[in-house]
Amino acid sequence: TNIRGFATTGNQTLLFDYSKNVFQIDHTKTLRKLAESHPLQHFFSKHQPSVVKQYKNQLYVGTETQGVFLIDLNGKILRRFDLDEGMQNNNVFDLFLDQSNNLWLNLDEGIHFFETSSPITTIGKPQGITASIQAIDFESGEPILALNTDLFLAKNTGGRTQFYNSE
């Protein structure tokens, strides 16, 4: 087994291998593969991990062809970093979080930096915005954008923030 990373939760350790398997080691040091129906195993069965790093109760999963996924320990995609987010390519060899929790990626064609202290890196046409942004409000926890035409609300879908008209 070619281990790509591990995570600790409570009294267990999770191991992630290159073959898209997730193993659990419990407090008795027993190793077992998670069931295919487990949400975390389900996520990894769809994504080829090149590196897995834990940050609190979340995992950064670097892949060979799909960029980086930020997921929770139930396999839910919280955010995705890839070509659409400005990466040079999607082949991630390694990743590192600095003291400010910003994401540094070792890619096939160099190093890429994401300021992950912000939930949104860019806002524009790919996110559903087609007019000038006049004001932004983050007080509710999710951004609300006032355009010169309408009010837009944020929605996270598959790790991507999209904006939709509030009407």
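A residue is taken as buried when its relative accessible area is under 20%. By that criterion, 40% of the 167 residues of this protein count as buried. The model is a predicted one. Its secondary structure comprises 1 helix and 15 strands. The protein exposes about 9,300 Å², of which carbon and sulfur atoms supply 50%. Among contacts between residues at least 6 apart in sequence, 30% join residues at least 24 apart.

Strand β1 (residues 3-9) and strand β2 (residues 12-17) run antiparallel and are joined by 6 bridges. Within this pairing, A7 stands opposite L14 of β2. The two strands form a hairpin with 2 residues between them, and G10 in its turn has a positive phi of about 60 degrees.

Strand β2 also pairs in the antiparallel sense with strand β3 (residues 22-25), over 4 bridges. Here L15 has F23 in β3 as its bridge partner. β2 and β3 likewise form a hairpin, with 4 residues between them; K20 in this turn has a positive phi of about 70 degrees. The two hairpins are set out below.

| Hairpin | Residues between strands | Turn residue with positive phi |
|---|---|---|
| β1 and β2 | 2 residues | G10, about 60 degrees |
| β2 and β3 | 4 residues | K20, about 70 degrees |

Helix α1 spans residues 39-46, and its residues L40, Q41, F43 and F44 are buried. Viewed down the axis of α1, the buried residues fall within an arc of 160 degrees, so they line one face of the helix.

Which residues of the largest nonpolar core touch the most other members? They are F16, L40, F44, L59, V61 and I71, in a core of 14 residues. At least two residues of this core come from each of β2, α1, β6 (58-63) and β7 (68-72). The largest share, 3 residues, is supplied by α1.

The surroundings of L59 can be described individually. Leaving aside residues up to four places away in sequence, L59 touches A7, F16, L40, V52, K53, Q54, F69, L70, I71 and L73. A second, separate core has 13 residues, including V68, L70, V92 and L95.

**Aromatic pairs**

The protein contains 5 aromatic pairs. One of them is formed by F43 and F69, which lie edge-to-face at 5.4 Å centre to centre, with 85 degrees between the planes. This pair links distant parts of the chain, as F43 belongs to helix α1 and F69 to strand β7, 26 residues apart. Both F43 and F69 are buried.

The rings of W104 and F113 have their centres 4.7 Å apart and their planes at 55 degrees; the pair is therefore tilted, since the edge-to-face class requires planes over 60 degrees apart and the stacked class planes under 30 degrees apart. Are W104 and F113 buried or partly exposed? W104 has a relative accessibility of 37% and therefore counts as partly exposed. F113, with a relative accessible area of 38%, is also partly exposed. Both assignments rest on the range between the buried limit of 20% and the exposed limit of 50%.

F16, F43, F44 and F69 form one aromatic cluster.

Terms used. Residues numbered from 1 in each chain as written. Predicted model: local features only at pLDDT ≥ 70, side-chain atom pairs only at ≥ 80, totals over all residues. Heavy atoms only, no water. Pairing = 2+ DSSP bridges. Buried < 20%, exposed > 50% of the residue type's maximum accessible area, 1.4 Å probe, protein only. Contact = heavy atoms within 4.5 Å. Areas by Shrake-Rupley, 256 points an atom, 1.4 Å probe, with all protein chains shown as cover. Arc of directions from axis to C-beta. Core = buried A, V, L, I, M, F, W, Y, C linked by side-chain atoms within 4.5 Å. Phe/Tyr/Trp six-rings, centres within 6.5 Å; stacked < 30°, edge-to-face > 60°.
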